[in-house]
Amino acid sequence: MSNGNEIHSVTPFPLAMVVCDFIYRDPFTGKYTLTGLFSTIAGMEFPLVHPHLHVYTALTGGRGRIQLRLEITSADDDGGPLAVVQGEVDSADDPRVIQELGIVFGGLVFPKPGEYRISLYANNEFMVERRLLAFKPQQGTEHGD
C-alpha cells in the first residue's frame with residue numbers, strides 16, 4: 001500500500017561528459033580535477049591498449065534511484081561493447097542536486113584504428129555520447145601538425 005511518500009525514479013539530464021587521463025577528487029572539498037582531456041588516441045600498433053581511460057560525468061534533475069550504464073563501442077561494427085560499467089546512484093528527493101561521477105576503464109583495448117563511442121545511459125535511456133578517434137600517425141609527422 002502506498003503512503004504517497006515514495007520517490008519515483010526520474011531520469012537525470014547530463015550536464016557534462018569528459019574523457020581524460022586522470023580524475024582526482026579532493027577528499028576535503030569534494031571538488032574534481034580533470035587532467036589530460038582528449039578526444040583522440042594515437043598508437044603505432046593495433047590493437048592499442050590504453051592503460052587508464054577516465055570518464056567524468058555530471059548529472060542533474062534526477063530523482064530516486066537511477067541505474068547508470070557507460071559503454072564504449074566501435075562505430076564501425078556491431079561486435080558488442082569493448083567495455084561496460086554499470087552502477088546505481090541515488091538522487092534522493094532533490095532534483096537540483098548535481099551528481100558528479102568519475103569512472104575508470106583500465107586496460108581498454110582498441111582493436112583497430114577508427115571511431116569509437118562512449119555512451120551514457122540512465123534507466124536504459126540514452127543520455128549523451130562522446131566520440132573518440134583511435135588512429136595510427138603517419139611516419140614523419142609531428143603532433144599538432
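## The hairpin of E8 and E9

In the hairpin formed by E8 and E9, two residues lie between the strands, and Asn123 takes a positive phi near 50 degrees. The model described here is predicted. E8 and E9 run antiparallel and are joined by nine bridges. Strand E8 covers residues 114-122, and strand E9 covers residues 125-135.

E8 is largely enclosed by the rest of the structure, because seven of its nine residues are buried. On its other pairing, E8 joins E5 in the antiparallel sense, over seven bridges.

## The chain as a whole

The protein chain has zero helices and nine strands. Read along the sequence, the pattern is β-β-β-β-β-β-β-β-β. Of the 145 residues of the chain, 33% count as buried.

The accessible surface of the protein chain comes to about 9,100 Å². Carbon and sulfur atoms hold 51% of that surface. Among contacts in the chain with a separation of 6 or more, 69% are between residues 24 or more positions apart.

## The five-stranded sheet

E8 and E9 belong to an open sheet of five strands, in the order E3-E9-E8-E5-E6, with mixed pairing. Strand E3 (40-42) and strand E6 (83-90) stand at the edges of this sheet. Each of these two has a single partner strand, so one side of each is left without a neighbour in the sheet. The twist averages 20 degrees from one strand to the next.

## The four-stranded sheet

The chain also has an open sheet of four strands, with the order E2-E1-E4-E7 and antiparallel pairing. Its edges are strand E2 (32-37) and strand E7 (98-110). Each has a single partner strand, so one side of each lacks a neighbour in the sheet. Neighbouring strands of this sheet are turned by 45 degrees against each other on average, direction ignored.

Strand E1 (residues 13-25) pairs with strand E4 (residues 48-60) in the antiparallel sense, over seven bridges. Val18 stands opposite Tyr56 in E4.

## The nonpolar core

The largest nonpolar core has 26 residues. The members that touch the most other members are Leu53, Leu70, Phe105, Phe110, Ile118 and Leu132. The elements giving two or more residues to this core are E1, E4, E5, E6, E7, E8 and E9.

Leu70 is one of those core members. Leaving out residues up to four places away in sequence, Leu70 touches Met17, Val55, Ala83, Val84, Val85, Ile103, Phe105, Ile118, Ser119 and Leu120. Two of the residues on that list, Phe105 and Ile118, are themselves named among the members touching the most others.

## Glu71 in strand E5

Glu71 lies in strand E5, which spans residues 65-74. Glu71 counts as buried because its relative accessibility is 15%, and the cut-off for buried is under 20%. The bridge partner of Glu71 in E8 is Ser119.

The side chains of Glu71 and Arg69 are joined by a polar contact of 2.8 Å. Not counting residues up to four places away in sequence, Glu71 touches Ala83, Val84, Arg117, Ile118, Ser119 and Tyr121.

Gly114 is found in strand E8. At 14% relative accessibility, Gly114 counts as buried. Apart from neighbours within four places in sequence, Gly114 is in contact with Asp76, Leu132, Leu133 and Ala134. Of these, Leu132 is one of the core members that touch the most others.

Asp94 is found in the loop between E6 and E7. With a relative accessibility of 23%, Asp94 counts as partly exposed. The C-alpha atoms of Asp94 and Thr60 are separated by 9.4 Å, and these residues are 34 residues apart along the chain.

Definitions and conventions. Residues numbered from 1 in each chain as written. Predicted model: local features only at pLDDT ≥ 70, side-chain atom pairs only at ≥ 80, totals over all residues. Heavy atoms only, no water. Buried < 20%, exposed > 50% of the residue type's maximum accessible area, 1.4 Å probe, protein only. Polar contact = N/O pair within 3.5 Å; in protein donor to acceptor, adjacent residues only side chain to side chain. Contact = heavy atoms within 4.5 Å. Pairing = 2+ DSSP bridges. Axes fitted to C-alpha atoms, helices over the stretch in contact; angles between N-to-C directions. Areas by Shrake-Rupley, 256 points an atom, 1.4 Å probe, with all protein chains shown as cover. Core = buried A, V, L, I, M, F, W, Y, C linked by side-chain atoms within 4.5 Å.
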